Amino acid sequence: MSTCATASLELSEPLAATAATASTWLLVEQTGPWGAKALTESHLDSSLGRALDAACEGTGVRVALIRRPGRHADCLPGARREVVVAHTVPGRSWVRRTSVADPAELLTLDFGGLGAGDHRGFGTEHVGGPLALVCTNGRRDRCCALLGRPLAADLAAAGHSEVWEVTHLGGHRFSPTMLVLPYGYAYGRLTAESAKEVLAATAAGHMVPEWSRGCSGWDRPGQAAEHAVRELTGETRVDVLTLAQRPAGEGRWLVGVRHADGRGWEAEVAQEASEPPRPESCGKAAARPARMDVTALREL
């Protein structure tokens, strides 16, 4: 039976510039089953899920649920939940974490400050290796379950990194997808081997362009420009490029890319519709998802 991931792969749909955008991620542990809209369709109180979603709106914060790979039994009464907050703007990334007895406590957070990169002393700094977040929510898209769950289980068994399942990273058709913290790069079409390569590179302060969907700290035009410069230069270090994006007409942008060594480029980026139509998610009608094309790249 065909899946959206199979169709995307057969059409050679580019991975670049398809990452979900979020300057900051708020990740809340919730065991048990997840529905398609997990914040309101899980064993998290649905009114709390709606309140968290509303609190994040317009702040740059994206909230998602996480759980450990494996069987998904509910937490015992009174169990504390892990909470991870990660700011992913390159050059200013950080990861903080804590545990809470009641996730309603999170409604007191300064969501605007978190989105801007001010953690206000929330929790404690994460120490240790990268965090791997693999999308596994089969109720949202079967590809995430069929491809994501085995990947999460393999990575967890290997002990290569701290691994979590996550409710939604966008881009089901690029499954299995994985977000890696602290730098916020999303990856797609991974195998167990390529995912381990990504985690090893992240631990060394690098990203892997071959499977990269982009850094969530940049908007999609910026993700496209960054990828083009990395392809041109072979640069893989995560914190050496900075971006400045401005509109240049309907569906067009100019993105300035600066390297820490003083080099610079300007990319022209255009939003186009993908052809031919393909399902963006299993069970949905074929559509023409937007893609970001770098139409010109000039060295400054």
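Accessible areas here come from the Shrake-Rupley method with a 1.4 Å probe, and for residues only the protein chains shown count as cover. By that method the protein exposes about 13000 Å², of which carbon and sulfur atoms supply 50%. This is a predicted model, in which local features need pLDDT of at least 70, side-chain atom pairs count only at pLDDT 80 or more, and totals for chains, interfaces and linings use all residues. Residues are numbered from 1 along each chain as its sequence is written, and side-chain values use heavy atoms, with hydrogens and water left out.

**Overall form**
- The protein has a radius of gyration of 19 Å, which agrees with the value near 19 Å for a compact globule of 300 residues (taken over C-alpha atoms; the globule rule is 2.2 Å times the number of residues to the power 0.38).
- Its C-alpha trace spans about 60 × 50 × 40 Å along the principal axes.

**Fold and packing**
- The protein contains six helices and 16 strands (DSSP runs numbered from the N terminus: helices are H or I, at least four residues; strands are E, at least two).
- Of the 300 residues, 51% are buried (under 20% relative accessible area, 1.4 Å probe, protein chains only).
- Among contacts with a separation of 6 or more, 67% join residues 24 or more positions apart (contact means heavy atoms within 4.5 Å).

**Residue H172**
- H172 lies in the loop between β7 (162–166) and β8 (178–181).
- With a relative accessible area of 9%, H172 is buried.
- Beyond its neighbours within four places in sequence, H172 contacts C4, A5, R140, D141, C143, C144, E280 and S281.

Definitions and conventions. Buried < 20%, exposed > 50% of the residue type's maximum accessible area, 1.4 Å probe, protein only.
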